[in-house]
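Hi there,

Here is the structure I promised to pass on. Have a look at it first, and then read my notes below.

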Amino acid sequence: MGLFDRHAQLLDFYRGVQATGADPIGVTMERVLSPTEAIINGKRTLLVGTNNYFGLTFDPACIEAAVEATKAEGTGTTGSRILNGSYTDHKDLERELADFYGMKHCMVFTTGYQANLGLISTLVGEGDYLVIDADSHASIYDACKQTQATIIRFKHNDPASLEARLRRLDREPGNKLVVVEGIYSMLGDTAPLKEFVAVTKRHGAYIMVDEAHSLGALGEHGRGLVEEVGVLDQVDFVVGTFSKTLGAIGGFAVSNHDGFDVLRLTTRAYMFTASLPPSIVASVRAALRVVRARPELRTRLWANVATLYDGLADAGFQLGPQHGPVVAVQLPDLQTAIAMWRALLDEGIYVNIAGLQATPGGVPLLRCSLSAAHSQAQLEQVVDTFVKLGTAFGLLKPQKRAAVG
């Protein structure tokens with residue numbers, strides 16, 4: 001058996017997809033024009049799949065900060081912080097994030113994926129229990145593979161299911177860590193976090209909240225779902241990413257637990273990788289200032305969410321259960337999803353396709369992500385194009401076609 005034989009079935013499927021002329025993982029953005037537009041296949045294309053929630057990738061202050069940091073401190077750090085040392089900006093960013101959340105401690109990671117992978121796999125070990133939502137992100141599932149803790153899943157967004165599992169562990173020794181997400185990345189739905197926190201505390205467990213998709217988007221000050229539902233002072237760990245609202249790359253974890261800093265000596269995903277370059281740290285610091293100073297971007301984001309979600313729902317598409325910065329259109333099968341994705345791209349609209357990897361229930365999705373930078377006209381164009389193609393593909397019910405035609 002060859003090294004790649006175990007992947008032969010997947011490879012055959014992927015080659016079949018490529019043969020149709022559609023290659024969802026091979027898209028090249030020949031030139032990025034703005035937070036909402038790029039040149040793809042030589043054509044001006046509307047970007048509705050980049051998680052650029054506040055549109056800060058082109059924010060002048062963020063760009064200027066990155067340029068100045070590069071000129072002052074170079075293009076990279078060329079090593080990990082435990083060997084090469086920290087730059088002043090690394091520590092300043094950690095202080096600013098801790099202050100943003102009102103927490104004592106913060107660690108910055110090179111990616112959000114590494115933040116989840118490193119923190120979860122380090123916090124619990126042999127004799128402990130890691131209790132996760134069934135629809136958790138891949139980084140959380142991958143962390144499960146790196147810990148000796150016993151892994152237990154509960155039904156997605158179901159506090160009763162979580163309680164049933166924690167109740168069975170009440171008499172078991174060892175720590176119990178519950179991991180949930182603020183907004184789930186595939187369907188864009190929000191966790192019933194207040195109920196999850198109450199259940200977790202009732203059973204003496206710890207809780208960690210991944211706010212990757214909710215930082216900036218939720219809460220009066222953009223601190224995420226923990227702020228939105230008033231449990232920021234009750235959760236044990238908040239994890240997030242810089243690669244969505246903050247428009248860069250990187251991740252972080254904040255906590256009030258004494259002893260948190262020992263994680264710098266035990267978390268392999270932090271210890272054995274190069275630290276964030278000065279340009280990224282500087283742009284993230286600038287982006288965090290924008291989040292704090294411009295709440296109108298959050299208002300605009302949610303107005304855009306309503307335009308797209310309600311437009312697609314009214315047309316008859318089956319979507320995720322609620323408004324969110326991720327709007328997922330459910331398709332009947334992967335072949336239809338791929339064909340529809342390609343047709344959208346040909347019409348000048350780029351969205352994500354999910355289904356080659358696991359999605360909730362295995363349902364193929366065309367996943368749209370909104371930005372405060374989208375204009376009303378752009379989103380009306382997206383809705384109109386979805387309706388036109390949905391009609392052509394036979395996805396809309398006759399009465400809905402008549403209503404929107």
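**Strand S9 and its neighbours**

In S9, Val 239 is the bridge partner of Asp 210. Please keep in mind that this is a predicted model.

That pairing belongs to a set of three bridges that join strand S8 (residues 206-210) to S9, and these two strands run parallel. S9 is also joined to strand S10 (residues 251-255), this time by five bridges and in an antiparallel arrangement. There, Val 238 stands opposite Val 254 of S10.

Most residues other than glycine have a negative phi.

Where do they lie? Asn 51 is in the loop between strand S3 (43-47) and helix H2 (60-73). Thr 78 is in the loop between H2 and helix H3 (81-84).

Are they buried or exposed? Asn 51 counts as buried because its relative accessibility is 15%, and buried means under 20%. Thr 78 has 75% relative accessibility and therefore counts as exposed, the cut-off for that being over 50%.

**The chain as a whole**

Stepping back, the secondary structure of the protein chain comes to 15 helices and 14 strands. The radius of gyration is 22 Å, which agrees with the value near 22 Å that a compact globule of 405 residues would have. Along the principal axes, the C-alpha atoms fill a box of roughly 60 × 55 × 55 Å.

Of the 405 residues, 54% count as buried. Among contacts with a separation of 6 or more, 68% come from residues 24 or more positions apart.

As for the surface, the protein chain exposes about 17600 Å², and carbon and sulfur atoms supply 51% of that area. There are 37 positive and 43 negative side chains, and the centres of the two sets lie 1 Å apart.

Best wishes

Note on methods. Residues numbered from 1 in each chain as written. Predicted model: local features only at pLDDT ≥ 70, side-chain atom pairs only at ≥ 80, totals over all residues. Heavy atoms only, no water. Helix = DSSP H or I, 4+ residues; strand = E, 2+ residues; numbered from the N terminus. Rg over C-alpha atoms; globule rule 2.2 N^0.38 Å. Buried < 20%, exposed > 50% of the residue type's maximum accessible area, 1.4 Å probe, protein only. Contact = heavy atoms within 4.5 Å. Areas by Shrake-Rupley, 256 points an atom, 1.4 Å probe, with all protein chains shown as cover. Lys, Arg positive; Asp, Glu negative; His and termini not counted. Charge placed at Lys NZ, Arg CZ, Asp CG, Glu CD. Pairing = 2+ DSSP bridges.
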